[in-house]
Amino acid sequence: MDAPRSRTDWAGVGLGLAVASLAAFQMLKLAPALPLLIAEYGYGRVLAGAMMSVYAVAALVFSLLAGGLLARRPWTTLAAALGCFVAGNLATLLWPNSGALVLVARGVEGVGYAVLGIAGPVISIRSAAERHHSFVAGVAAVWVPVGQITALVAARFTLADAGWQALWWLSLALVALLAFWLVVRRDSVREAMSAIASGGAARWSRRERAALWVGAVTFGLWSGQYIAFMTWLPDHFVDRGVAPENAAVLNLVPVMGVAISCLLTGWLARHVRYGGLFVAATLSQVPVWLFADALPPGPGLVAIAFFGLACGVTPTLLFALPPRVLGAQRVSPAAFAPLMAGRNLGILGAPPAAGWIIGMGGWELMGPVFGAITLVAALGGGLMAHLAQRR
């Protein structure tokens with residue numbers, strides 16, 4: 001077992017954030033482009049939702065394998081993940097009129113997402129000294145809003161003039177930049193990647209295993225309601241007469257809240273009870289589902305801003321679960337694999353289900369359904385926190 005770090009390798013923390021944020025961008029670039037794709041190519045809402053959730057199909061298959069692949073052949077695995085992004089983006093640019101082919105292309109991108117989504121948080125957390133674990137857990141959790149903010153800002157400045165294709169070309173440029181950075185900084189990258197160790201699951205106690213899998217179920221429920229909200233919020237704004245590029249700006253409101261809250265939670269978690277903070281933050285998201293759609297524009301915008309702030313707490317505490325349960329020196333990709341599998345299940349089911357629910361009864365029906373799911377996630381988090389108490 002490695003000795004505990006006495007100093008935080010901030011370059012390693014930044015590397016993990018960059019790797020994972022690219023994965024988040026690749027997945028979430030679809031949401032601001034969906035209204036244009038639906039209008040131009042006639043995609044149905046269930047198919048459009050599946051284009052988001054198909055990432056989870058690939059990720060579910062590869063999440064439990066990604067840890068071992070990264071441990072045995074980190075460079076080959078990372079290169080293959082970047083290659084999946086290139087292939088998927090190019091296929092969509094070439095044949096966007098085929099909804100089935102775009103769905104497959106998104107699935108290919110999802111393989112890369114599965115690899116980078118595990119590699120990033122592990123690299124960040126294994127690069128941190130003990131005193132910085134809570135803060136770095138917040139940094140590790142911010143990868144999704146960083147990727148989403150990048151997509152939304154790019155959409156604001158490109159959709160009106162360059163169309164949805166600009167986001168896909170930007171995706172390819174970001175892949176090239178990250179590949180170049182990995183090559184230029186190969187020595188420091190090799191040092192950071194050497195912290196990734198496979199295995200560890202066989203040494204978990206029953207309580208540790210139960211805590212991680214209850215956390216996985218909780219992550220699945222919570223991430224499902226979150227990705228449903230973020231996938232369909234731009235489309236909801238467009239249905240109310242907002243231009244697609246302006247809908248992307250409005251969608252930044254909750255996402256900025258998530259990013260800020262992730263970082264603040266890393267500090268707050270050191271001073272507040274883990275379980276109480278998790279349950280309170282997740283419960284506070286339920287009323288937004290129930291009432292935000294009925295509020296006037298001003299209060300409604302305040303409600304979704306609050307939703308974003310609350311949503312930053314939940315994933316930060318979930319990403320902090322493995323070191324809390326196992327101790328930092330036993331954290332490995334195997335410890336994150338259950339959490340990512342649960343998260344991917346939520347992503348798999350929620351967007352197309354939400355699209356179907358919206359078609360049946362609009363956001364008036366969607367709110368109570370996903371509010372109930374969020375409530376169950378809060379209760380699951382309470383059990384998870386109880387099991388996570390190290391004995």
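In what follows, a residue is called buried when its relative accessible area is under 20%, exposed when it is over 50%, and partly exposed in between, with a 1.4 Å probe and protein chains only. By that criterion, buried residues make up 58% of the 391 residues in the protein chain.

Two remarks on the source. This is a predicted model, in which local features need pLDDT of at least 70 and side-chain atom pairs count only at pLDDT 80 or more, while totals for chains, interfaces and linings use all residues. Residues are numbered from 1 along each chain as its sequence is written, and side-chain values use heavy atoms, with hydrogens and water left out.

The protein chain has 16 helices and 0 strands; these are DSSP runs, H or I of at least four residues for helices and E of at least two for strands, numbered from the N terminus. Taking contact as heavy atoms within 4.5 Å, 86% of the contacts between residues at least 6 apart in sequence join residues at least 24 apart.

I turn now to helix packing. Axes here are lines fitted to C-alpha atoms, for helices over the stretch in contact, with angles from 0 to 180 degrees between N-to-C directions. The axes of helix 4, residues 74–94, and helix 5, residues 99–126, come within 8 Å and cross at roughly 160°. The two helices are therefore roughly antiparallel, the term for angles over 145 degrees, whereas those under 35 count as roughly parallel, 65 to 115 as roughly perpendicular and the rest as oblique. Residues making this contact include L78, L82 and F85 of helix 4 and V108, E109 and Y113 of helix 5. By class, the contact has 15 nonpolar, 5 polar and 1 charged residues; Ala, Val, Leu, Ile, Met, Phe, Trp, Tyr, Cys and Pro count as nonpolar, Asp, Glu, Lys and Arg as charged, and the others, Gly among them, as polar.

Helix 4 also packs with helix 1, residues 10–28, at an angle of about 20°, with the axes 12 Å apart. Helix 1 and helix 4 are therefore roughly parallel to each other. L22, A23 and Q26 of helix 1 meet L82, F85 and N89 of helix 4, giving 4 nonpolar, 2 polar and no charged residues.

Finally, where does R330 lie? R330 is in the loop between helix 15 (321–326) and helix 16 (333–387). R330 is partly exposed, with a relative accessible area of 23%. From C-alpha to C-alpha, R330 and R126 are 9.6 Å apart in space, although 204 residues separate them in sequence.
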